[in-house]
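Look at the model below before reading on.

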Amino acid sequence: MADGKTKKRIEELVKLLNYYNYMYYVENNPVVTDYEYDTLYKELAGLEREHPQYRRADSPTLKVGGEPLKKFAAVRHMVPMLSIDNTYSKEELLDFDARVKKITETDEKNIEYAVELKYDGVAVALIYEGGNFLRGVTRGDGWQGDDITENLKTVKTLPLFIPYKKPLEVRGEIYMRKDIFMRINGEKKKSGETPFANPRNATAGSLKLLDPKTVAKRNLQLFAYQGIAENGAATHWEMLEFLKKTSFPVNPHRKLVKNIEEAIDYCVQWQSKRADLPYNIDGMVIKVNSLALREKSGATSKSVRWAVAYKFPAEQAETTLKEVRVQVGRTGTLTPVAILEPVEVSGTTVSRATLHNFDEIKRLGVKTGDRVFIEKGGEIIPKIIKPVPEKRTGNEKDIPVPHECPVCGGSIVKDDEGVALRCLNVRCPAQVKERITHFTSRDAMDIEGLGEKWVDIFVDKKMLSDYGDIYTNITYEKLMDLERMAETSSRNLVEAIEKSKDRPLANLVFALGIRHIGIHASEILAEKFGSIKELGEADEETLSSINEIGPVMAKSIADFFRNEENIRVIRKLKDAGVKTEQGRAEAAKSDKFAGLTFVITGTLSGYTRDELASLIKKQGGRVAGSVSGNTDYLICGADPGSKLDKAKELNVKILSESDFNTL
Ligand SMILES: [Zn+2]
């Protein structure tokens, strides 16, 4: 393709993809299929790779994250990011209204307010110049924050390019949806890492990461709630409408009210509705709508006088701590769990709470039998906030710190971070069960029918002492000897076990249960090493030189393969016929189609489009979404669309499915 054409095509694709993103993420109204989006996206990424000089600052490919940073630079805010005072009652809100009237010396009987949700996330300032997203900064101390521009570029709802060319500063909140939070914590737990306490911590933690590619995977979102610009807006409401038109995500749950009483009503409404939102809010924000009045009301050194937050009362309850059970995880971590007298907190019955670790128990000074306050805030699992010592009867008992593993009696140590206790016995039945359950789970070997319940039984009956035994010790005959096993389920389980021997290498790497190694890291390792043998032979230095594999992960992998016990179990897997290297499909890679661009149209008979595309890619070719001067071949199935006409027009070679197969 001629250079001018390439540049134009890149512009076209960027514009189109940004529009699709906007419709998808901001308007919640997708206008193309994922397949169409992906093919266009791949075409753009390919063109940018070949012609980096034409890469645009507003390209959606930037959303996957740029190069890692060494550290964040400190930046001074042009307009200080002052905080907002909190209120907790109707009376305090009435006081706020009276104060605003007094300071601004207004004659109005009523002040108009804008009422918005108060997000439980991280506040940021976004600077735009000439329509481009220039810089994004954290609040910091209100006067100076961290430049986290590269991380913010990965936020899908944050526009990199806007139609407004004059200087604009947008204030907003970066947040994480509850479902994403659950998913990330699930992954963290699986790879033996400490989960985030709540979505806000997860958001803050993600924004502090130095590798934008990792940030991109956290799926952070933005709500814009303030604009600073000389655009003629007279009210905050107009400013919000302007931001919305300028393609910023502005939350639809907001209200313009005539007076403080209406504002209070709206706040109370959301108190009961907030659980239905897909993200956390911890209150409402009430802002003076007139920008002129705002100017008049001014600020103290710490907070603005024209806005106030109404915080929802924390969802707390009092109950009795019946006992503390110690759970032993896959990597041996001992976690104390509080068993509570069941109690209702904001609509759900709570009977367990987390105590994190034994230092936390000491810090709280809580005893078994205590009356305790529990809170269900942004956290998904409720926590104990404090005991009520005044209500003690003298029958409460200290919670002992274990000196040995409560399950196997083996010795325990404090882990690397000096907080959690860990059982060192690799044969510890609790750990064995957790490891086997992990091995059989969906992202691992995906052995359906071998869940927690059966793993418990098999380990207790000594049929399994590690996951290597699965392939030799679980036979149809043995299963039929068990009381509760039916014929069909026995047969199905044996089949599922047999089938799992061919799982892709990445899933096997994950299944091994190496500490800190999640499914994503496993994919990287599988691709890099191609076999368990090669992976096991790699030293720490080699491992940590791989992109996205940090020193902690590298050490963990090396430690794993230094352990005789682990080597023995891996040998069992190999001997049983579990595939420990990448299949032939990968080995068949060639560069037959290198430099060639294919476009696929119509309905194929022998392949799905994805299969055909991946076949072409394996041979080094490229698959584009639409026909252009850059296309070498159009593969044409039944009922082709306009792509065929375009190809004819551009003299692109046209192949039928069988032509392609011969090729
Ligand atoms: Zn143990």
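Predicted model: local features only at pLDDT ≥ 70, side-chain atom pairs only at ≥ 80, totals over all residues.

Residues are numbered from 1 along each chain as its sequence is written, and side-chain values use heavy atoms, with hydrogens and water left out.

The chain has 26 helices and 22 strands; these are DSSP runs numbered from the N terminus, helices being H or I with at least four residues and strands E with at least two. Its C-alpha atoms fill a box of roughly 90 × 90 × 45 Å along the principal axes. Of its 663 residues, 49% count as buried. Buried means under 20% relative accessible area, exposed over 50%, and partly exposed in between, with a 1.4 Å probe and protein chains only. Among contacts (heavy atoms within 4.5 Å) with a separation of 6 or more, 67% join residues 24 or more positions apart.

The next stop is the metal site. Which residues coordinate the zinc ion? They are Cys-405, Cys-408, Cys-423 and Cys-428, each through its SG atom, at 2.2 to 2.4 Å. Donors are N, O and S atoms within 2.8 Å of the metal (3.2 Å for Na, K and Ca); water is not among the atoms, so sites may look incomplete. The donor residues follow the spacing C-x2-C-x14-C-x4-C. Cys-408 lies in the loop between strand S16 (383–387) and strand S17 (412–414), and Cys-423 in strand S18 (residues 421–423), so this pair ties together parts that are 15 residues apart in sequence. Cys-408 is partly exposed, because its relative accessibility is 26%, whereas Cys-423, at 2%, is buried.

Two single residues remain. Thr-580 sits in the loop between helix H22 (564–575) and helix H23 (584–587). Its relative accessibility is 11%, so Thr-580 counts as buried. Leaving aside residues up to four places away in sequence, Thr-580 touches Leu-505, Leu-508, Gly-530, Ser-531, Ile-532 and Lys-574.

Is Ile-148 buried or exposed? With 2% relative accessibility, Ile-148 is buried. Ile-148 belongs to the loop between strand S6 (144–146) and helix H4 (149–152). Beyond residues up to four places away in sequence, Ile-148 touches Phe-72, Val-124, Gly-136, Thr-138 and Leu-207. Ala-2 is 146 residues from Ile-148 along the chain, and the C-alpha atoms of the two are separated by 37 Å.
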